[in-house]
Amino acid sequence: MRFETRQRIQGTVDEVERALLDERYFEFLLKHHGVLLELQPLEVKTEGDVVRRRVRYRPKPVIESIGPKRVPPEWFAFIESSTYDKRRKELTFTNVPTSGTISKMLVNTGVLKLRDIGGGQTERTLDGEISLKLPFLMKPLALVGEKVIQNEGLKILDAEVPVLNRFITEVIRKA
C-alpha cells in the first residue's frame, strides 16, 4: 500500500533540517510526544552532506490482543535506518520491526522531502509504502492490516509536528 502525506512546519528548511539532525531532538521528542514510549539513537554518522542513522522507536501499542492472545509491546517497536542528503533535502528510510516474526512480514520504506513554501514555513512530504507479506489464506487481512499500520504511523508523524515546531522555537532559534 502506497501512501503520501504533507505537513506544514513552522520553520525555514534550514531550521527544520537543523532541528531534525540535532542530537538533543531525540530526548525532546520522547519527552513531548504522546505516543512514543522509547526513542533511542543507535548510530548517527555524518559523511560530508550525508547523514546516516539508525534509531529505535517503540510507540504505545495500538492493540492489546488478537483474540485471546496478548500482543507484546515489542511487536510495535522498529528501527529506522535512514540516509539524509543535505543537498537534496531528502531522507530515504526503511523501518524494520525489532520482532523477528513481524520483520519477516512487514516492509515499510519511503522518502521524506523538505521544501520551502515561503513565509518561514517548510512543507514536509512523506511518500512511502507499507506491505504485509502474509500467507495466501490470510491475504485478505493484509489490506486491513496495512491500512491500520499506515493510520497509526501517520498519527505518530502528525503528533510530531507540534513538538518539532516547539523545538525550533525553543532550541534552534535560541542558539
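Helices (H or I, at least four residues) and strands (E, at least two) are DSSP runs, numbered from the N terminus. I start there because the elements I name today are such runs. What you see above is a predicted model, in which local features need pLDDT of at least 70 and side-chain atom pairs count only at pLDDT 80 or more, while totals for chains, interfaces and linings use all residues. Residues are numbered from 1 along each chain as its sequence is written, and side-chain values use heavy atoms, with hydrogens and water left out.

First, a loop. K89 sits between β6 (78–85) and β7 (90–97). Its phi is near 55°, a positive value in a residue other than glycine. With a relative accessibility of 24%, K89 counts as partly exposed. On that scale, buried means under 20% relative accessible area, exposed over 50%, and partly exposed in between, with a 1.4 Å probe and protein chains only.

K89 is also one of the residues in contact with L114 (contact means heavy atoms within 4.5 Å). Leaving aside neighbours within four places in sequence, the others that L114 meets include V13, V16, L20 and Y84.

That brings us to the core. A nonpolar core is a set of buried Ala, Val, Leu, Ile, Met, Phe, Trp, Tyr and Cys residues joined through side-chain atoms within 4.5 Å. The largest one here has 38 residues, and V16, Y25, L39, L114, L164 and F167 touch the most other members. Which helix gives the most to this core? Helix α4, residues 139–172, with eleven residues. As background, nonpolar side chains in soluble globular proteins tend to be buried together.

Some nonpolar residues are on the surface. V62, I63, V144 and V148 form a nonpolar patch there, with about 300 Å² of accessible area together. Patches are made of residues with over 30% relative accessible area and no salt bridge; like charges are joined within 9 Å, and nonpolar side chains (Val, Leu, Ile, Met, Phe, Trp, Tyr) within 5 Å. The areas come from the Shrake-Rupley method with a 1.4 Å probe, and for residues only the protein chains shown count as cover. V62 is found in the loop between β3 (50–59) and β4 (65–66), and at 37% relative accessibility it counts as partly exposed.

Next, E80, in strand β6. Is E80 buried or exposed? At 9% relative accessibility, E80 counts as buried. Its side chain makes a polar contact of 2.9 Å with the side chain of R53, and another of 3.1 Å with the side chain of Y57. A polar contact is a pair of N or O atoms within 3.5 Å; within protein, one must be able to donate a hydrogen and the other to accept it, and residues adjacent in sequence count only if both atoms are side-chain atoms.

Last, salt bridges, meaning a side-chain nitrogen of Lys or Arg within 4 Å of a carboxyl oxygen of Asp or Glu. By this rule the count comes to 21. One of them joins R2 and E129, with the closest N and O atoms 3.5 Å apart. R2 lies in strand β1 (residues 2–9) and E129 in strand β9 (residues 121–132), so the pair ties together parts that are 127 residues apart in sequence. R2 is exposed at 54%, whereas E129 is partly exposed at 31%. E47 pairs with R52, the closest N and O atoms being 3.1 Å apart. Salt bridges that share partners also join E4, R6, R115 and E123 into one network.
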